[in-house]
Amino acid sequence: MSNFTLGDQMRKFKSVIVTGGAGFIGSNLIRYIFEKSGFEGNVINLDKLTYAGNPYNLSDIETAFGGKRYFFEKADICDMNAVKVIMEKHSVDAIIHLAAESHVDRSIHSPEEFIRTNVMGTFSLLECARNLWKDRTDVLFHHVSTDEVYGSLGDTGYFYEDTPYDPRSPYSSSKASSDHVVMSYFHTYHMPVTMSNCSNNYGPYHFPEKLIPLMISNMLEEKPLPVYGDGKNVRDWLYVEDHASGIWSVVTKGKIGEKYNIGGENEWENIKLVNVLCETVAEFSSKDKDYYKKLITYVKDRPGHDRRYAINCDKIKKELGWKQSVNFEEGLKKTVKWFLENKAWIENVKSGSYKDWVSKNYGNR
Ligand code: NAD
Ligand code: TYD
């Protein structure tokens, strides 16, 4: 078995697939890889382009590196034949797996697609990698997961890497299942795998169905700001580029067969966060904060709503030297500014009108 960990030296790959690279975190990760990581190889963005995926998120990367070091491949991770062809075509030696159905509320209404993509899709990728890579030790399968697999915390305590899994939503249970399947490939087949479990992300290109972008988008349209239940559920927020640097640290330096928690160490009650968002949006607009705060509307709670998430991320800090670089005030300002400057993006992802751009650049796939 390989221990493909080279002390302080970093693992190097030539051809990396990022699944789900057209989504929120995937597109930020690919931009990070090209602009900040120093990586010199090729990146293949393998994405099915569901409602949440949009290669336009990477139009700058397409312009700079398209056809040279950046390749977009439209495919479903559940389609083993397609994945095999893409892996062979690009001589892939690493997979960073983000493709997933990712929204808890959608998983409550339509769980099937979550089981299909998140569980069966992960299995399909692992099988393709196992068949092609065989016993190679100079390869890596990195699985991007969530802190939601650990369940729900009370007022105190944290999620550690060895916290027992206790998922409660169809989304988190599908991610938990995929985590177990990934680890089974390490134990059973000695596939070189790593995993990261991250807290809630926020930042540019965040689909306006999750809390932060939905609130910003509704404020811009002067629509009600729906806060679930008593608004006292707690989430730990991390700026998306810090998640990208965390993933890259694990991919290049993490111990094979191990998982790393990544988090913001930045807990907020939803209602407090929504109030701060109203204040931040007001700083950049002609309306004052009280105008936006009056839009806050308490609505029926989400079924099975996890009360509190909080990550302990000492392991990645101590072992790999990662740390957060963007504080919350700064991150929220950057995010609000980005959404204000990209109102057309919000409109387009809501209406799906990027299809024109996709067919112009990639044909009718
Ligand atoms: P997202 O919904 O914004 O993007 C998901 C991407 O996956 C989209 O581009 C979509 O087209 C693609 N996709 C979906 N089904 C596919 C399939 N069958 N085949 C190929 N591509 C498919 O999600 P995100 O918020 O960027 O999350 C990315 C990953 O990070 C997920 O695995 C998620 O569980 C994990 N994660 C997210 C957060 C968060 O706060 N958003 C936190 C921790 C972990
Ligand atoms: P979300 O962004 O959906 O992420 P997750 O459920 O994966 O943590 O939700 C973050 C928190 O915000 C969660 O406690 C649910 C709550 N929430 C609302 O109060 N109103 C909303 O409209 C949404 C989308 C979420």
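Please keep in mind that the model is predicted. Helices α7 and α9 pack at an angle of about 45°, the aromatic pairs come to 18, and His-190 and Tyr-205 each have a positive phi.

**How α7 meets α9**

- Two packed helices are described by the angle between their axes and the distance between the axes.
- Here, helix α7 (residues 211-220) packs on helix α9 (residues 270-283) at about 45°, and the axes are 10 Å apart.
- The crossing of α7 and α9 is right-handed.
- On the α7 side, the contact is made by Leu-211, Ile-212, Met-215, Ile-216 and Met-219.
- On the α9 side, the contact is made by Asn-270, Leu-273, Val-274, Leu-277, Cys-278 and Val-281.
- Sorted by class, this contact has ten nonpolar residues, one polar residue and no charged residues.

**Aromatic pairs**

- A pair of aromatic rings is described by the distance of the centres and the angle of the planes.
- The count for this model is 18 aromatic pairs.
- One of them joins Phe-34 and Tyr-70, edge-to-face, with 6.2 Å centre to centre and 80° between the planes.
- Phe-34 sits in helix α1 (residues 24-36) and Tyr-70 in strand β3 (residues 70-74), so this pair ties together parts 36 residues apart in sequence.
- Phe-34 and Tyr-70 are both buried.
- Phe-114 and Tyr-171 also form an edge-to-face pair, at 6.4 Å centre to centre and 85° between the planes.
- Since Phe-114 belongs to helix α5 (residues 112-133) and Tyr-171 to helix α6 (residues 170-189), their pair ties together parts 57 residues apart in sequence.
- Phe-114 is buried, and Tyr-171 is buried too.
- If you look for a group of rings, Tyr-150, Phe-159, Tyr-165 and Tyr-309 form one aromatic cluster.

**Positive phi angles**

- Most residues other than glycine have a negative phi.
- His-190 has a positive phi, near 60°, and lies in the loop between α6 and β6 (193-198).
- Tyr-205 is buried, because its relative accessible area is 16% and buried means under 20%.

Technical notes
Residues are numbered from 1 along each chain as its sequence is written. Chains are lettered from A and ligands numbered from 1 in the order in which they are written. This is a predicted model: local features need pLDDT of at least 70, side-chain atom pairs count only at pLDDT 80 or more; totals for chains, interfaces and linings use all residues. Side-chain values use heavy atoms; hydrogens and water are left out. Axes are lines fitted to C-alpha atoms, for helices over the stretch in contact, and angles run from 0 to 180 degrees between N-to-C directions. Helices (H or I, at least four residues) and strands (E, at least two) are DSSP runs, numbered from the N terminus. A crossing is left-handed if the near helix is turned anticlockwise from the far one by less than a right angle, and right-handed if clockwise. Contact means heavy atoms within 4.5 Å. Ala, Val, Leu, Ile, Met, Phe, Trp, Tyr, Cys and Pro count as nonpolar, Asp, Glu, Lys and Arg as charged, and the others, Gly among them, as polar. Rings of Phe, Tyr and Trp (its six-membered ring) pair if their centres lie within 6.5 Å; planes under 30 degrees apart count as stacked, over 60 as edge-to-face and the rest as tilted. Buried means under 20% relative accessible area, exposed over 50%, partly exposed in between (1.4 Å probe, protein chains only).
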